[in-house]
Amino acid sequence: MKRTMILLFVLILWAVGSLNGEAKAATKVSFPYTPISTASLPWWIAKEARYYEKHGLDVDMIYVGASPVIIQAMLGGQAGVGAGGGPPLVTNVLQGGDIVQVATTIPYAIQSLIVRPEIKAPADLVGKKIGISRLGAIPHYTLQAVLKLYNVQGVNIVQTGTTTQAITSLSQGLVDGMITSAPFTFRLMKDGYRELVGPKDFKKAGVEFLINGLVARKSFAVKSREVVINMIKATMEGTRRMFVNEKQAKTVLAKYTRQADPDILDQTYRFALDVFVKDPTVTPNSIQPIVQQSAEFNLVDAKLANSTPLAAYYDNSYVDELKRSGWLAELWR
């Protein structure tokens, strides 16, 4: 009996030690992300399904209202990896910054220009006020792309902050339209607003750019390569879960976007299935249009942009490692 008690005591100590070891092994990661929309679904699912913990990460997801602020926070050392892509990445690299794209989740333009119902054509935008989150952020780039595509001038750009703030500004008549994405596009259209220009229009016109994915500080990634790889793993597991578990995906969407309408959630889920990629490799074709149009919009120095190789904006070595190991192929079996 005494031996049994001693053995049981040893086993308990071993179990507690193992649990403590696992807890200590989890690496704390601050993860700034944006937006509160479909684009963040894989990260939300990864959080809810505990995929971060599965890969040894203790992730603190921090919502930030605009992608340039994420880049600034990362450059300030507040995070080593974050959500992002698009113009802020290009601007950072051309200014000698330390940020590179390490994975992509959405390489297409998926935002829409939602306007008041009386605005029926792009020409009607002249003199109107259109809300974006922040100058230099992806919504700003999207609006500029719309104006260039339809050769519209004389539009007043208003920084409205978060999506919630933008919707409030629209409902109060402070702006005549806003740039946003699902599920808010579907919600606003159901409330009577009009989608003047959307993803289908961009696709038809050949407007393609990397809208979201994972970015990392090069200095951080060199020292914490495993963290970056595990963040990509958790992201891709969240993406796969979205494809194979419709119920959970909609539940997560409802929780984080605060949408309860089943029709809105269904439209948003179908939309997500169309835009997310299963291969997170960053392609030059998804970067090049951002560089070109950023120069055309005078957001960056055109001469410097033309002389900088596209490879300066991304590092596919992390995704390549997942491919060589067979992990990515096994995930999608």
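This is a predicted model: local features need pLDDT of at least 70, side-chain atom pairs count only at pLDDT 80 or more; totals for chains, interfaces and linings use all residues.
Colleague: Fine, so is Arg258 buried or exposed?

Modeller: Arg258 sits in the loop between α12 (246–257) and α13 (262–275). Its phi is positive, about 60°, although Arg258 is not a glycine. With 79% relative accessibility, Arg258 counts as exposed.

Colleague: And what is the relative accessible area of Arg50?

Modeller: Here we're in the loop between α2 and α3 (51–54). Arg50 isn't a glycine either, and its phi is positive, near 65°. Arg50 is exposed, and its relative accessible area is 53%.

Colleague: Let's zoom out. How many helices and strands does the protein chain have?

Modeller: Helices (H or I, at least four residues) and strands (E, at least two) are DSSP runs numbered from the N terminus. On that basis the protein chain comes out at 17 helices and 10 strands.

Colleague: Why is the protein chain as compact as a globular protein of that length?

Modeller: The radius of gyration is taken over C-alpha atoms, and the globule rule is 2.2 Å times the number of residues to the power 0.38. For 333 residues that rule gives 20 Å, and the chain is close to it, so it is as compact as a globular protein of that length. Those C-alpha atoms fill a box of roughly 90 × 50 × 35 Å along the principal axes. The radius of gyration itself is 22 Å.

Colleague: What share of the contacts with a separation of 6 or more is between residues 24 or more positions apart?

Modeller: Contact means heavy atoms within 4.5 Å. As background, 52% of the 333 residues count as buried. Among contacts with a separation of 6 or more, the share from residues 24 or more positions apart is 82%.

Colleague: How far apart do the centres of the positive and negative side chains lie?

Modeller: Lys and Arg count as positive and Asp and Glu as negative, with His and the chain ends not counted. Each charge is placed at NZ of Lys, CZ of Arg, CG of Asp or CD of Glu. There are 36 positive and 27 negative side chains, and the centres of the two sets are separated by 4 Å.

Colleague: Now the strands. Which residue in β10 is the bridge partner of Val81?

Modeller: Strands pair if DSSP finds at least two bridges between them. Strand β10 (residues 212–217) has 6 of its 6 residues buried. It pairs antiparallel with β4 (residues 99–106) over 6 bridges, where Ala103 stands opposite Leu214. It also pairs antiparallel with β3 (residues 81–83) over 3 bridges, and there the partner of Val81 is Ala216.

Colleague: Which residue in β8 stands opposite Ile114?

Modeller: On one side of the pairing story, β5 meets β9 (residues 194–197) antiparallel over 3 bridges, with Leu113 opposite Val197. With β8 (residues 177–180) it runs antiparallel, joined by 4 bridges. In β8, the residue opposite Ile114 is Met178.

Colleague: In which sense do β6 and β8 pair, parallel or antiparallel?

Modeller: In β8, Gly177 and Ile179 point one way and Met178 and Thr180 the other, and all are buried. Ile130 stands opposite Gly177. The pairing of β6 and β8 has 2 bridges, and its sense is parallel.

Colleague: What separates the C-alpha atoms of Lys129 and Val115?

Modeller: Lys129 is in strand β6 (residues 129–132) and is partly exposed at 35% relative accessible area. Beyond four places in sequence, the residues Lys129 touches include Asn156, Leu174 and Gly177. Val115 is 14 residues away along the chain, and the C-alpha separation is 9.9 Å.

Note on methods: Residues are numbered from 1 along each chain as its sequence is written. Side-chain values use heavy atoms; hydrogens and water are left out. Buried means under 20% relative accessible area, exposed over 50%, partly exposed in between (1.4 Å probe, protein chains only).
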